[in-house]
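Please look at the sequence and the model first.

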Amino acid sequence: MRNIFKNHLLMKINSFPMFRYGLLLLAAIMFMASCSSGGKGKTGEPEEVVVDISQIDSDFLDDIGEVKKIFYSLPSPLETAMMIRSAGAVYNEDLLNSIDNASNYTTTKSMALNLGSYTCDLSFASLYDQTEASINYMNAAKKMADGLGILDAINDETIQRLEENINNRDIIMEIISDTFMNSSSYLQENNRANVAAIVLVGGWIEGLFLATQMVDEDSLDSSKLVNRIMDQKMSLEIVVKLLEESKDSPDVISVMEDVQNLKASFDKVTITTTPIEAELDEETNVTVLKSQTQSSLTPALFKEIRDKVVVIRNKYIS
Amino acid sequence: MKRIIYLFIISLVLVLVPLNANAQCKGFAKKICRMELVPYIHDGNYHAAILLEGEEAELYKTFYSGQEYRIAICGSDNLPEIEFTIMDANKNVLYSNKDNDYARVWDFNLESSQQLKIAVTVPPGGNEAEEPESGCVAIMFGLKVK
């Protein structure tokens, strides 16, 4: 039966030249769809020793075997804001990207960067129970998402739900997480991974800006925030890989230039770590990954990083 | 003219079917897998893909000290139990769900921030004569608000 169908189909194909052209067209469409679907095929006994993490990072990220899909995951704006807060930062609204700037963003690149920055500021304000600022930043983020054509990521219902639960931090966090996931999934599903990557970088730079501005320069050695900033050396490697996936996009190329400039300074940060031991707490069923890390950042290098972050961030929000 | 319309419809179907599969994947991640993160708060990132039996995916992420994490990795019902391992930068396996009854979630925290790799495998189906099943696989992260 299958052969009869096959022969019938072949006869049909041979009898219609237009059908053959049609098949070529379909093949081309399918090829394009598969290229842009986001799937990416690539070819490509611990002792108590201290390892320089900068040596590992590049090898680790390049060691990709035959896998169907590779994800490079950056801290989301929500995670970035939580990191800053847990490092003991004090809320300062003057540091956030003014919502008045929202009308200045008219290009895809600027709207994507500032969807990231506003979502980071929204998360930050919400974590400090800044109710009015939270609603304002959600509206600013909505403006960016609408401008990018992200349908219904943030709608009037979202704003209403936020207003109704403005004193319930858990629900607010859930709303922020939901809207960010809606935006990134919409962009990825509509073959706009380049825009999704720029949104993430925008949020990451905003978080780095807030963290570097909140550091007390007189207590660099004991600052948890400084440790968080140094840790971004590892995320920076992932930022580069993420952007490389969309290196055909001119917007991504320009963001990549800024990131590489920043990476040149972060490359001077030294981080060494001992091998990790996983220890399960049977009572809580939580595993603790035990290891000791040593990192160093001179005051001069801190200033260099902070100044570069200021330049990049101001470029993005202006 | 009929043929052109016919071709147009087929083209449209071929383009829309993968989009619909992706949309289902988003629904699966949002409605099913995200529930596995409770009581942790989903970080908002979206990592999901359609995989066939026998295929693998990898995810690279920096995890920070001072945060409490839950990783949830789920596959759609038609796929076999999803395997995942967590490795450090020296490729040491820190956790494998195969040793833990194919648990969908893993809770952990870190003494120092680390870049980790999550390797996800959809095991091959039992019957080689059959077409491999395909389905959505989602990798999601939860955080604890302190």
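Which residues line the largest cavity? The lining consists of Thr80(A), Met83(A), Ile84(A), Trp204(A), Gly207(A), Leu208(A), Ala211(A), Arg228(A), Ile229(A) and Gln232(A). Helix 4 (77-86), helix 9 (193-214) and helix 10 (224-244) of chain A each give two or more of these residues. Helix 9 of chain A has the largest share, four residues.

This is a predicted model, where local features need pLDDT of at least 70, side-chain atom pairs need 80 or more, and totals for chains, interfaces and linings use all residues. Residues count from 1 along each chain as written, chains are lettered from A and ligands numbered from 1 in written order, and side-chain values use heavy atoms, without hydrogens and water.

The second largest cavity is lined by Met82(A), Arg85(A), Ser86(A), Leu127(A), Gln67(B), Lys144(B), Val145(B) and Lys146(B). Helix 4 of chain A gives the largest share, three residues.

| Cavity | Volume | Lining by class |
|---|---|---|
| Largest | about 90 Å³ | six nonpolar, three polar, one charged |

A cavity is a set of points on a 1 Å grid over the protein atoms alone where a 1.4 Å probe fits but cannot get out; lining residues have an atom within 4 Å of a point.

Chain B has one helix and nine strands (DSSP runs of at least four residues, H or I, and at least two, E). Its pattern is α-β-β-β-β-β-β-β-β-β. Of its 146 residues, 55% are buried (under 20% relative accessible area, 1.4 Å probe, protein chains only).

Definitions and conventions. Buried means under 20% relative accessible area, exposed over 50%, partly exposed in between (1.4 Å probe, protein chains only). On a 1 Å grid over the protein atoms alone, a cavity is a set of points where a 1.4 Å probe fits but cannot get out, and a pocket is an open set with protein on both sides within 12 Å along at least five of seven lines; lining residues have an atom within 4 Å of a point. Grid points are joined across faces, edges and corners, and a volume is the space filled by probe spheres set on the points. Ala, Val, Leu, Ile, Met, Phe, Trp, Tyr, Cys and Pro count as nonpolar, Asp, Glu, Lys and Arg as charged, and the others, Gly among them, as polar.
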